[in-house]
Structure formats: C-alpha cells, structure tokens
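User: Hi! I'm new to reading protein models. Could you walk me through one?

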Amino acid sequence: MRAVPEKTMHQNDEAPLQLVLFVDRRPRSSEQIRRIRSYFQKLRTGIPFDLQIIDVSEQPYLAEQFKLVATPALIKLHPGPRQVLAGSNLVGELDKWWDRWQKSVEEYLSKQASEEAIGHYPRKSISSELAHSAELMELSDEIFRLKQEKEELVDQLHFKDRLIAMLAHELRNPLTAASLALETLEITYKPEKSLSPEAASALRSRLIYHARTQTRLIDRMISDILVAAHSTNSAEFHIHPKKLNLKTLTLNILENFKDRLLAKSHTLKTDIPNDLPSVYADGERVRQVIVNLLDNAIKYTPQGGEIQVCILHRTTQKVQVSVIDTGPGIPSENQEHIFEDKFRLKRDEQKDGYGIGLGLCKRLIRANCGEIWVDSSCNKGSAFHFTLPVYRQ
C-alpha cells in the first residue's frame, strides 16, 4: 500500500504539515485536485507541507483505516489532532481552517526545536505512517480470513469424523441383506431341502439378483461418502444417461422395501401409469435418489402410517416422481435448506445419519438435468418431488 506518486506535490516526508487527499475515479475528482493545487500555488505559504493524493479504489485499506464515509476528503494528519475536511467545497473549507493550521504548525516547530535540543527524535514521515496503517489493515483482514478458514477446516474435520463413525452403521443394512440372501442361496443348494427344482431355481435367481443389488449399493454408498467427505460442495458425479424404464426401476425398488414397510405396518400406495414414457437418465443414480427418499419416508413415518409413490407425465419434456409420507413434516423456514450438504434439523441431531443424503440427491438429480424440491407442512407429512427429462430418439 502506498500513495499515488504522480499525484504527490511538495514531496517532503519531513514536512511539519502532513495532508492526505482521498479521491475516487469520478470526473469531478480531477476538478477537486486541480482546485486544491491551484489554492496552494496562490497561497505561496512558507510553511513546508506534504500533500499526498490517494485513490480509494486502489487503496481501500486506508479509506477504512481513516473511517471515510465519502470522497473527496482532505485529512490533516500532522500536527495533531487529526482533522477531516469533506464536502463539495473543499477549497472553501481549507481556506477557513488554513490560518489555524498554520498556527498549529508554528507551535509544533517551536516544540520540536525544544525536544531536539534534549535529544528527542523527529516524528515519523507521512509515507511511513500511511504504510503502517495499510499494513495493519491488511494484517487484520488476513487474520479474519485465517479464522474463517480455520472454522471451515474444523467443521470439515468434525464432518469427516461423523462420517467415519456412522459409516459402519449405514453399511450394516445392505451388508446384512446381502449376507442373508447368500445364506439362503446356500441353503437352497442342499439336497435335503424340500423345494421343487422350479421353485429352487426361481428363488436362487431372485436371491442372486438381490445380493448383487445390495453389494452394488454398498459400493456406490462408499464411493459417494468418500466423495462427499473429500469435498461436499464441489463433488462431481460420473453420470451415464441412457434410455430408462422408470416404472420398472421404481417397482423393483419397492419390492426390495417390502420387509421394511411391513415391519412398521406402513400402507404403500402407488400411482404409476402403464403408458409412462421412458426417461433419459443414469439408472443407478436415479435408483440412489428413490432409495434415499423412500428410506427417509419410512424412517419418519410413524407406525401404521401411509407412504405414496407417484409418477406423473407432467409435460412432453419431463416426468415427475413423488414420494409422499405422513411423518412430522419439515418446518417452512428449513425447507430451502433441507437439500444443503450437512444440514440437519435440530430434531434429527441425535438420530442416525450424517446429513448428506438429500444434498447428494440434489446433485444427482441436477446432474441428470432434473430438479428436486419438497412440499411440506408441520405434522402433515412431506412430499418430495423430482423431475427427469423424457427420452427422445
């Protein structure tokens, strides 16, 4: 930080009268500078003085340091006390105060002569004072920035700690399901098992498919958690869109949720038309979103509640999927934040989870050129909706 050299007149850092003129880049600033220069030239004062002109846009730290509220402003730095002249008629203000400033300079010079006689050193120059002020402001801003970075890093470390602590719990469900499927599959191969060959073959096919689906879910879950832990704000997903039968995918997911729905005596209602068009999306990623929304719906819907899954052909370009529950709902003030990474409602802070599910859903749906949102009222349930583009040949 330094004053603008080409705008400095009477360059004398040891001058007893130290003035700083703050201007901006508006056309009238040049006129103010011209008028002040003209005033000093006509004045022909014998008092040594130093006037430095500073563009506030180039050195905002100094403007903040001197607490300027408007420009142009002329500041008398020395001798003290500091004085600020502002307004559209700076020359008039300067003329009004000049005699008093001149008197204060004479008093300062007399005092300085006495101090130097007893070994005191002269005051610092205006350049060093301005540089010192700028350095202080820069250091203050740097300290503030470092504190913010520290808070962000601490937050990230806490988030990753939570991820590690909850990873085992989150993976237990699909691991248990895959393990049970494999154990059941092993039992069906025993000759003493009283299943017909046809029934055993059908069961084996279903179990193999179920185990493969669950292990694929585990792999995808680990990948997404690691991506989210690395950078929850800028994580990118590899999307491989293609023609997708959304009805088949959804019914398959609902089949896998039968046991969980039964365990809580939930009523499942579906509205999925037979003439639903195909969509253009990544099937595995869409599966992730539907599974996450269904998982949340089951978790928050009380025993004996109702869950609805609806798919509508809203326009010729979009298909809408809705997962509706009869849970506690989401407060209106939190609905715009519910899809933010790591955001959790206060009521959920002691529950399992790490607050990235809906954030991941939002990024996945947007990566598939869709939108996701929620309609909810407290104690009246929630309806999560997302759209996907219709497949075009």
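Analyst: Happy to! Let's begin with a term: contact means that heavy atoms lie within 4.5 Å. Keep in mind that this is a predicted model. As a case, valine 286 touches Leu244, Leu246, Leu249, Ala281, Phe386 and Leu388, leaving aside residues up to four places away in sequence.

User: Which residues touch the most other members of the largest nonpolar core?

Analyst: The general idea comes first: in soluble globular proteins, nonpolar side chains tend to be buried together. Here the largest nonpolar core has 38 residues, and Leu246, Val286, Leu294, Phe386 and Leu388 touch the most other members. Several elements supply at least two residues each, including helix H6 (246-256), helix H8 (283-300) and strand S11 (382-389). H8 gives the largest share, 8 residues. There is also a second, separate core of 20 residues, which includes Leu19, Ile47, Phe49 and Trp98.

User: Which residues of H1 are buried?

Analyst: In H1, the buried residues are Ser29, Gln32, Ile33, Ile36, Tyr39 and Phe40. They lie on the same side of H1, because they cover an arc of only 125 degrees around the axis. On the face turned away from that buried side sit the exposed residues Pro27, Ser30, Gln41 and Lys42.

User: And in what order do the strands of the open sheet come?

Analyst: Strands of a sheet pair through backbone hydrogen bonds, either parallel or antiparallel. In this case 4 strands form an open sheet in the order S2-S1-S3-S4, with mixed pairing. Strands S2 (49-55) and S4 (83-86) are the edges, each pairing on one side only. Strand S1 (residues 17-23) pairs with S2 in the parallel sense over 7 bridges, and phenylalanine 22 stands opposite isoleucine 54 in S2.

Methods. Residues numbered from 1 in each chain as written. Predicted model: local features only at pLDDT ≥ 70, side-chain atom pairs only at ≥ 80, totals over all residues. Heavy atoms only, no water. Buried < 20%, exposed > 50% of the residue type's maximum accessible area, 1.4 Å probe, protein only. Arc of directions from axis to C-beta. Core = buried A, V, L, I, M, F, W, Y, C linked by side-chain atoms within 4.5 Å. Pairing = 2+ DSSP bridges.
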